Amino acid sequence: MISFASDYITGAHPKVLQRLLESNTEVLPGYGTDKYCAAAADKIRAACGNNRLDVFFLSGGTQANAVIIATMLAPYQGAVAAITGHINAHEAGAVEYTGHKVLPLPHHQGKIAPAELYAYLEDFYADANHDHMVYPGLVYISHPTEYGTLYSKAELTALAEICRRYKIPLFMDGARLAYALASYDADVTLTDIATLCDAFYIGGTKAGALCGEAVVFKPEFTPPGFITMTKQHGAMLAKGRLLGVQFDALFTDGLYLEIGRHAIAMAEQLKQALCEAGCRFLLNSPTNQQFIILENAKLAELQQHVAVSFWEKVDDNHSAVRLATCWSTTPEDIAALRQYL
């Protein structure tokens with residue numbers, strides 16, 4: 001059995017694991033106050049081109065989304081997101097559990113259209129009853145999206161300008177950010193993201209770390225008491241060193257982008273193998289997630305040898321499935337898939 005089920009099916013990248021082993025017996029303070037967290041934060045600021053950014057390390061992606069949104073919003077506000085956005089579709093209502101409604105907009109291959117966001121905000125404030133409604137207090141996007149698609153710099157700039165106009169923050173879920181930055185189609189850099197977004201996080205769990213996400217705020221948007229509320233929400237590790245050591249490794253000698261580039265290269269080989277087999281694609285994804293449509297009977301056959309993720313029902317006889325590459329995907333995995341296909 002080979003697996004393309006997700007990008008966190010294996011453990012940590014060997015260089016990350018080695019750093020964890022080397023630092024294992026060091027005596028360090030807890031809760032992210034150690035030297036590795038400080039060093040990792042400095043390296044992230046340097047990579048973003050802004051030494052004023054506030055950086056925190058949280059345990060996972062759902063925790064990061066829930067804590068960031070809950071702490072940035074007032075009690076009467078909600079988070080605007082694409083209907084397919086992770087916080088709306090696949091996080092078990094984690095944001096709503098904090099007391100904040102997700103306000104869904106239509107999606108375009110996972111993306112929010114700037115014109116539709118503008119129209120939504122215009123209509124909200126034009127409604128004489130808006131004081132009786134949940135206020136849009138934050139805009140959530142993911143890059144790449146759940147469909148592996150990318151925001152262009154023009155689209156991201158347009159979203160940022162709309163958010164500035166309405167004085168609400170733009171928050172980017174970067175769980176798979178390594179693959180967005182490394183994509184051959186990318187025109188958005190980490191510096192662009194740090195400039196245009198008010199809050200974002202750099203995903204580690206899905207990009208070579210055992211666990212953990214690096215949360216980044218422009219200082220004027222850092223919620224007061226963020227560390228305290230992170231602990232309240234159960235997203236703080238006592239052994240915060242584990243996150244600091246990993247991100248220090250990921251942002252040393254370009255490892256984070258190296259991992260992204262490897263996964264993208266493997267995804268291109270994967271795409272070629274799927275094309276050669278005559279597979280029909282759900283959409284054209286430029287990142288490490290590839291989506292194909294299969295007859296249900298053929299899917300059952302394939303799953304005897306290859307692990308894939310169910311994505312959505314297409315019709316009574318066909319399903320869309322996702323195949324993902326990661327740091328540990330090899331050309332041998334692609335060759336084995338070709339045989340099964």
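In strand E8, Glu213 is the bridge partner of Gly203, and strands E7 and E8 (residues 213–217) run antiparallel, joined by five bridges. Strands are DSSP runs (E) of at least two residues and helices are runs (H or I) of at least four, numbered from the N terminus, and two strands pair if DSSP finds at least two bridges between them. This is a predicted model, in which local features need pLDDT of at least 70 and side-chain atom pairs count only at pLDDT 80 or more, while totals for chains, interfaces and linings use all residues. Residues are numbered from 1 along each chain as its sequence is written, and side-chain values use heavy atoms, without hydrogens and water.

With strand E6 (residues 170–173), E7 pairs in the parallel sense over two bridges, and Phe200 in E7 is the bridge partner of Met172.

The table turns to pockets, which are open sets of points on a 1 Å grid over the protein atoms alone, where a 1.4 Å probe fits, with protein on both sides within 12 Å along at least five of seven lines. A volume is the space filled by probe spheres set on the points.

| Pocket | Volume |
|---|---|
| Largest pocket | about 470 Å³ |
| Second largest pocket | about 300 Å³ |

Methods: 1 Å grid on protein atoms, 1.4 Å probe; cavity = no way out; pocket = protein on both sides within 12 Å on 5 of 7 lines; lining within 4 Å.
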